Amino acid sequence: MFNLIRRDVILQKRQLIIFIPFILFFIIMGVPPVLTFLVASIFIPFNTYAYDEKAETNILLNSLPYTRAEIIASRYLGAIVYMILSIGVTSLTLFAFNQSFNIADVAIGSGLFLLFAGLTFPLFQIFKPGYITTVILISFVILTLIARPMISFIAEHLTAITDFIANASILALYTGAALAILTVYVISWGITTIIYQRKAF
């Protein structure tokens, strides 16, 4: 399974050359650190899916001595590994450019990535190749644009929720959010494995 994760890095080595300039662009444009961490985390896993979608790599992968469960596990575990590495590189870059950020930015950016990955990874197995990457990337941009208005709307109209959040401790909020996101990610992993095992290549 380690070799499957390493394969993604080998396939993405050309893309990795533009990773730092990509992050630098976000920093220079003054994008909030949370969004920078989120986009940096998405870079490798979603590029890998896009490449596999174009090259129909799943046919080759299924001819190798790996079970389908292992192939999906490498995607989900690999996404976490790449997220950690991306956050490390992004943190160093922000530090080098004297851009302030804190552990909350890292935690929220990581959580949003895992949530987004958990919601979208099954879609790569459900929809036909050729369109899903574009649809997901457009959805990501749209969600990013409407996130703040949605939060404002919830804060104004769902007072019970906002009162509960206001009265809860920071530790309780982060713990609850982390458990909820990890639950979504694990459920997504299971759903994707079931779908992938039933697919014909």
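Predicted model: local features only at pLDDT ≥ 70, side-chain atom pairs only at ≥ 80, totals over all residues.
At 75% relative accessibility, Asn 98 counts as exposed, where exposed means over 50% relative accessible area, buried means under 20%, and partly exposed covers what lies in between, with a 1.4 Å probe and protein chains only. Asn 98 sits in the loop that joins H6 to H7, and its phi is near 60 degrees, a positive value in a residue other than glycine. Most residues other than glycine have a negative phi.

Residues are numbered from 1 along each chain as its sequence is written, and side-chain values use heavy atoms, with hydrogens and water left out.

The protein chain has 10 helices and zero strands, where helices (H or I, at least four residues) and strands (E, at least two) are DSSP runs numbered from the N terminus. Read from the N terminus on, the elements therefore run α-α-α-α-α-α-α-α-α-α. Of the 201 residues of the chain, 35% count as buried. The chain exposes about 12000 Å², and carbon and sulfur atoms supply 73% of that area; accessible areas come from the Shrake-Rupley method with a 1.4 Å probe, and for residues only the protein chains shown count as cover. Among contacts between residues at least 6 apart in sequence, 85% join residues at least 24 apart, a contact meaning heavy atoms within 4.5 Å.

H6 passes H7 in a right-handed crossing, a term used if the near helix is turned clockwise from the far one by less than a right angle, with left-handed used if it is turned anticlockwise. On the H6 side the contact is made by Ile 72, Arg 75, Tyr 76, Ala 79, Ile 80, Met 83 and Ile 87, and on the H7 side by Val 106, Ser 110, Phe 113, Leu 114, Phe 121, Pro 122 and Gln 125. By class, this contact of H6 with H7 has 11 nonpolar, two polar and one charged residues; Ala, Val, Leu, Ile, Met, Phe, Trp, Tyr, Cys and Pro count as nonpolar, Asp, Glu, Lys and Arg as charged, and the others, Gly among them, as polar.

Phe 113, which lies in H7, is buried, with a relative accessible area of 0%. Leaving aside neighbours within four places in sequence, Phe 113 is in contact with Leu 38, Ser 41, Ile 42, Pro 45, Phe 46, Ala 79 and Met 83. Phe 113 and Ile 80 are 33 residues apart in sequence, and their C-alpha atoms are 9.4 Å apart in space. Within H6 the reader can also find Gly 78, which counts as buried at 0% relative accessibility and whose C-alpha is 7.6 Å from that of Pro 45, a residue 33 places away in sequence.

H6 also meets another helix. The axes of helix H3 (residues 19–28) and H6 come within 11 Å and cross at roughly 55 degrees, which makes H3 oblique to H6, and their crossing is right-handed. The contact is made by Phe 19, Ile 20, Ile 23, Leu 24 and Ile 27 of H3 together with Ser 86, Val 89, Thr 90, Thr 93 and Leu 94 of H6, and these residues divide into seven nonpolar, three polar and no charged.

Thr 193 is buried, with a relative accessible area of 13%, and, residues up to four places away in sequence being set aside, Thr 193 touches Ala 69 and Ile 72.

Technical notes: Axes fitted to C-alpha atoms, helices over the stretch in contact; angles between N-to-C directions. Parallel < 35°, antiparallel > 145°, perpendicular 65-115°, else oblique.
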